[in-house]
Amino acid sequence: MNFTTYYQLKKPLGMEKYDIEVHNANSDILDSELKRLNQKTGELEASWNIAKSHAESVHARADATKTEASEVNGSIKINGMETTVYTHPSGTNPHGTTKEDLGLGETENKSSAAIRSELTKENITAALGYTPYTPAELSDRYATKEEMIALSDLIGQANTQLESI
């Protein structure tokens, strides 16, 4: 059996018997691709209609002989007249952005005050699975940098003495 180059449709060889499953599989591929193209055509038509509407709107005028900046946000001056060319959607989330859009789908929706109130010694210890040492406990448990340097010097002296024996 051979296959077409672009959609990998099955092409039975001349000596093969007709197989309805091959025909159905090819039909499903063609149906799916035609649906995709139809949707794309609809999207292009919608984009065209938006562009056409924009081109025919009040601010896309063919009589504009002079354009200048405006003091008004979202406007320009065309032939000395303020013309609004953009109006931002209103509301606290006019574009409908979600936590998922920002990669924060698993994040709890909490205020910083709520989060700070949860940063207790008990919660941190529970999250870590052990009780961290306090600075005082660390100084009792571990040598300081100066103590380590002194110890290194003592080891060096001991090595020198061993080499001379």
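Here is a short tour, from confidence to a helix residue and then a sheet.

This is a predicted model, where local features need pLDDT of at least 70, side-chain atom pairs count only at pLDDT 80 or more, and totals for chains, interfaces and linings use all residues. Residues are numbered from 1 along each chain as its sequence is written, and side-chain values use heavy atoms, with hydrogens and water left out.

Colour by pLDDT, the predictor's confidence in each residue from 0 to 100. The protein chain averages 86, and 97% of the residues score at least 70. Helices here are DSSP runs of H or I with at least four residues, strands are E runs of at least two, and both are numbered from the N terminus.

Next, select Asn26, which sits in helix H1 (residues 20-56). Asn26 counts as buried because its relative accessibility is 14% (buried is under 20% relative accessible area, with a 1.4 Å probe and protein chains only). Leaving aside neighbours within four places in sequence, Asn26 touches Leu9 and Lys10 (contact means heavy atoms within 4.5 Å).

Now show the open sheet, three strands in the order E3-E4-E5 with antiparallel pairing (a pair needs at least two DSSP bridges). E3 (67-69) and E5 (81-84) are the edges, each with a single partner strand, so one side of each lacks a neighbour in the sheet. Zoom in on E3 and E4 (residues 75-78): three bridges join them, and Thr67 has Ile78 as its bridge partner in E4.

Technical notes:
Buried < 20%, exposed > 50% of the residue type's maximum accessible area, 1.4 Å probe, protein only.
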